[in-house]
Each structure stands twice: as C-alpha cells, then as structure tokens.
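Hi there,

Here is the structure I promised to pass along. Have a look at it first, and then read on for my notes.

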Amino acid sequence: MARFRRKSCITLIALVLLILIVTVVLKALAPEGSRFDGPAGVEGFPDRESDPVIPRDDDDRKPDEAKMKDSAQSDKDAELEATLRRFPPPNYYLHTFYYTWFGSPKFDGKYIHWDHPQLPHWDFKVAQGYPQGRHSPADDIGSNFYPALGAYSSRDPSVIEAHMQQLRTAAIGVVAVSWYPPNMKDDNGEPTDDIVPLLLEVAHKYHIKVAFHIEPYTGRDEVNMLTNVKYIIEKYGEHPAFFKYRTNTGKFLPLFYVYDSYLMNSEQWGKLLKHTESNSVRDTPYDALFIALLVEEKHKRDIVTAGFDGVYTYFATNGFSYGSTQRNWASLKAFCEDNNLIFIPSVGPGYIDTSVRPWNFQNTRNRINGKYYETSLSAALEARPDFISITSFNEWHEGTQIEMAIPKTSQTVYLDYLPNKPTIYLEITRKWAAIFGGERRRWQD
C-alpha cells in the first residue's frame with residue numbers, strides 16, 4: 001500500500017507539473033491582450049453595455065496593430081484638445097456667411113468660381129467701356145484679394161479644417177452656409193449640397209455650429225421651400241453641429257437665413273409661415289426660425305405680414321440699401337421689438353467687387369486697415385442686436401472676406417491686408433466677439 005501511495009503521489013505531482021507546463025506554454029503563445037490576460041469572459045466585449053457591437057473594417061487587426069492605431073487616435077484627440085484650448089470660446093450669437101462654391105482641378109476637375117466672368121453693365125453703352133470675359137486661375141482669379149490658401153476647393157478636407165481653425169481664432173460660433181437644393185446650383189458654380197456632411201463633421205470637431213443660408217434657387221416657391229426645409233431637417237437636423245436656438249417659448253429650433261426673400265410675396269410666405277395656414281410648418285417637426293432679408297424700408301410690412309421670425313441686412317456696404325445703412329439700425333431694432341422679431345444686422349470689413357463687376361466703383365468701401373470693420377461692429381452693438389452676422393467669411397468675389405489673404409505678385413494686381421498680418425480681420429472679430437458677449441450679459445442683467 002505504501003508503494004502504491006508513493007506511485008500515486010508521484011503520478012499526481014507529474015500531472016500537476018504537466019498542467020502547469022501546458023498552461024505556461026499556452027500563456028506564452030497567447031497574444032497580448034487576449035482573454036488569458038484576465039478573468040474568462042471579460043475581455044473582448046464592449047466597455048459600455050449599451051454600445052451595440054458594430055462590425056469594423058479592421059476587426060481582424062492583430063491586437064498590437066489595434067493598440068498602435070488606438071494610441072495614434074488618442075494622440076490625435078489630445079492634439080486637437082490642446083489646439084482647441086488655444087482658441088477663445090466660440091460665440092454662438094456671432095454668425096458668418098460661408099460659401100462652398102469654390103473648386104480646383106485636383107478636387108473638382110476644374111476651377112470653379114475662381115474663373116468668375118466679368119459681368120457686363122446692364123446699359124450696353126456703359127458695358128462697352130469695361131473688360132469682359134472670364135478670369136484664368138490660379139494666378140488670375142475673380143477677386144480683388146488673393147486667399148492665403150490659394151485658389152482652393154471647398155471640397156478639400158484640409159481647407160475646411162483650416163477654415164474652422166480660422167473661425168475659432170475669430171471666436172465665431174456659427175457659419176451660415178450658402179445652400180442650394182441637391183442638383184441645383186448658382187449661375188457660375190456646381191451643386192454643393194454633397195459638401196454639407198463633411199462641413200458638419202469638421203465643424204463639430206471644432207465646436208462650431210452650421211446654419212443654412214437658403215439661396216434664391218430657380219423656381220423657389222412656398223411648396224418647394226417646404227420640401228427643402230423638410231430635406232434639410234431630416235437629413236442634417238440630428239447632427240450635433242446643426243445649429244438650433246432655444247426661443248423664449250422654450251422651443252429648440254433651427255434658424256434659416258433666406259436670401260432675397262422679397263422675391264416671393266407675403267401671401268406665398270404666409271402659406272408656409274403662418275399658424276393659420278393648413279400647410280404651415282408651425283408647430284410641426286419642421287418648424288424653424290425664418291430670417292428674411294430686409295433691403296428696402298417697405299419690406300418691413302411685408303416681413304411681418306408673411307410671418308417671418310426676424311430680419312437680417314446682409315450687405316457689407318454702408319448706405320447701399322436701407323437695411324445696410326448703419327444709421328437705420330436703431331430704428332430697425334425698435335421695429336423688430338414692436339413686432340416680436342429677431343434683429344440681425346450684418347457687418348463687414350469692406351466691399352470691392354470690381355474684379356467681377358468692373359464698373360461698380362461707387363459701391364466700393366475701403367477697409368482702412370480695419371477701421372471700416374470696427375465702425376460697423378460698433379454700430380451693430382449700439383443697436384443691441386439679438387445676433388450679429390458677418391458678411392462674410394469667404395465671399396471673395398465681393399471683397400467682403402475676413403478669411404486670411406496674402407500679397408500676390410502676378411500680372412493681375414491684387415489688394416492685400418498690409419501693413420497688417422493676414423489674420424488682422426480674424427483678430428478684430430475675436431476682440432468684438434468678446435465685447436459682444438460682455439454686452440449681451442449686461443443687457444440681460
């Protein structure tokens with residue numbers, strides 16, 4: 001019996017040793033991070049129980065590769081957060097008009113909008129005294145200034161990224177993107193609705209919101225306006241970068257700027273915007289704040305009758321229209337208060353469009369090294385607006401851009417921001433964004 005017990009013990013010890021050796025070998029062969037690293041059944045499942053398991057293109061990556069990619073993404077996120085901390089906070093009451101109609105051969109197969117034609121004067125005799133034809137990029141573009149990014153494409157992700165960084169430098173919180181319905185375009189461009197998803201993604205990364213500036217597309221009426229508002233809200237309305245505003249009644253609504261709104265009469269607009277109409281958007285999932293363009297004084301009554309929620313003035317030329325004349329802003333604000341309307345004056349750094357309208361010298365407004373812009377911003381603040389809109393971030397044809405411009409030597413003569421830096425108008429905007437924020441808080445006290 002003793003000999004049997006010794007044999008049993010030896011066998012048992014040998015078995016235990018064998019199990020230990022097998023375990024060690026398997027452990028050594030197992031890749032790092034596998035289920036052997038912890039209690040069985042824990043590793044390999046989503047960290048958050050509520051997360052669905054979504055198949056990934058790289059689900060078959062080796063664990064070391066996954067860790068390297070995750071580490072790289074973590075580094076990118078940390079770098080972005082460090083970049084964002086260098087910017088001032090965005091002011092969501094400060095909007096700027098943003099254009100996505102530019103194209104380049106690399107991204108679009110050709111130059112778009114940079115080759116803008118020189119438009120003839122409506123008087124044939126006057127037109128004969130000015131050049132006509134198209135510009136020839138990249139050295140000759142349809143602008144009196146030259147962009148620091150060159151004759152870029154609005155589809156270029158690096159351009160959108162650079163724009164968002166410039167916008168954050170300026171403390172601008174909202175871009176109002178020029179918008180045409182899918183497959184529709186302006187006279188000199190191509191359809192641009194397919195750029196919106198990328199714009200929203202990059203804007204979100206920089207904590208910037210996107211509103212829509214609905215252009216006067218061909219055939220615009222109350223019926224297709226409803227269709228297009230539904231399209232925008234259904235396609236983009238749930239994106240975190242889609243701008244919504246909490247009204248005094250507690251509703252959280254999108255905001256639409258409507259360019260050349262006066263081209264439709266108040267009866268047509270009323271069918272879309274008045275609570276009493278059967279096809280109205282009011283109190284539906286497609287309700288929104290609709291902001292009309294006020295050009296002439298007579299438009300005030302039409303805007304109220306139509307059921308709009310507010311007015312903006314767009315033009316950066318002081319004195320060009322009733323709405324863009326700064327001395328009228330105080331009375332416009334009073335009119336808006338009396339009629340429960342949002343007042344959004346539009347300010348700009350200057351105006352010059354003689355590269356595309358060579359006969360239009362009378363509407364040129366010199367930038368005066370930023371003084372014109374500061375005067376406009378000061379006038380807007382004196383009127384105690386609800387928002388301020390900036391014309392524009394990048395409407396290069398009309399010389400209203402605050403985007404960075406650089407000196408350019410070529411056969412075409414360009415203006416520039418000298419003796420100031422290319423960022424001068426971003427810096428002025430940032431200064432007044434802070435002043436506007438402080439004034440808003442004071443008005444609410």
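Predicted model: local features only at pLDDT ≥ 70, side-chain atom pairs only at ≥ 80, totals over all residues.

Residues are numbered from 1 along each chain as its sequence is written, and side-chain values use heavy atoms, with hydrogens and water left out.

**Surface patch**

Helix α4 covers residues 124–127 and contains Val-126. Together with Tyr-130 and Phe-361, Val-126 makes a nonpolar surface patch of about 260 Å². Patches are built from residues with over 30% relative accessible area and no salt bridge; nonpolar side chains (Val, Leu, Ile, Met, Phe, Trp, Tyr) are joined within 5 Å, and like charges within 9 Å. The areas come from the Shrake-Rupley method with a 1.4 Å probe, and for residues only the protein chains shown count as cover. Val-126 has a relative accessible area of 33%, so it is partly exposed (buried is under 20%, exposed is over 50%, and partly exposed is in between, with a 1.4 Å probe and protein chains only).

**Helix packing**

Helix α5 (residues 157–169) and helix α6 (residues 196–205) have axes that come within 10 Å and cross at roughly 40 degrees. That makes α5 oblique to α6, since angles under 35 degrees count as roughly parallel, over 145 as roughly antiparallel, 65 to 115 as roughly perpendicular, and the rest as oblique. The axes are lines fitted to C-alpha atoms, for helices over the stretch in contact, and the angles run from 0 to 180 degrees between N-to-C directions.

Over in helix α10 (residues 329–338) you will find Lys-333, which counts as buried because its relative accessibility is 11%. Lys-333 and Ala-383 are 50 residues apart in sequence, with their C-alpha atoms 6.3 Å apart in space.

**Salt bridges**

How many salt bridges does a search of the whole structure find? The search gives 20, each being a side-chain nitrogen of Lys or Arg within 4 Å of a carboxyl oxygen of Asp or Glu.

- Arg-134 and Asp-115 meet through their side chains at 3.6 Å, N to O. This pair links distant parts of the chain, 19 residues apart: Arg-134 is in strand β3 (residues 133–134), and Asp-115 is in the loop between α3 (105–108) and β2 (117–118). Arg-134 is partly exposed at 49% relative accessible area, whereas Asp-115 is buried at 17%.
- Lys-408 pairs with Asp-139, with the closest N and O atoms 3.1 Å apart. Lys-408 sits in the loop between β12 (388–390) and α12 (424–444) and Asp-139 in the loop between β3 and α5, so this bridge ties together parts that are 269 residues apart in sequence. Lys-408 is partly exposed at 25% relative accessibility, and Asp-139 is partly exposed at 44%.
- Asp-194 pairs with Arg-155, with the closest N and O atoms 2.8 Å apart. Here Asp-194 belongs to the loop between β4 (172–179) and α6 and Arg-155 to the loop between β3 and α5, so parts 39 residues apart in sequence are tied together.

**Backbone**

Most residues other than glycine have a negative phi, and most peptide bonds are trans. Against that background, please check these spots:

- Pro-137 and Ala-138 are joined by a cis peptide bond, with omega about 15 degrees; Ala-138 is in the loop between β3 and α5.
- Thr-391 and Ser-392 are joined by a cis peptide bond, with omega about 10 degrees; Ser-392 is in the loop between β12 and α12.
- Asn-340, not a glycine, has a positive phi of about 55 degrees. Asn-340 lies in the loop between α10 and β10 (342–344) and is exposed, at 67% relative accessible area.
- Asn-369 has a positive phi near 55 degrees. Asn-369 is placed in the loop between β11 (346–347) and α11 (371–382) and counts as partly exposed at 46% relative accessibility.

Best wishes

How values were computed
Helix = DSSP H or I, 4+ residues; strand = E, 2+ residues; numbered from the N terminus.
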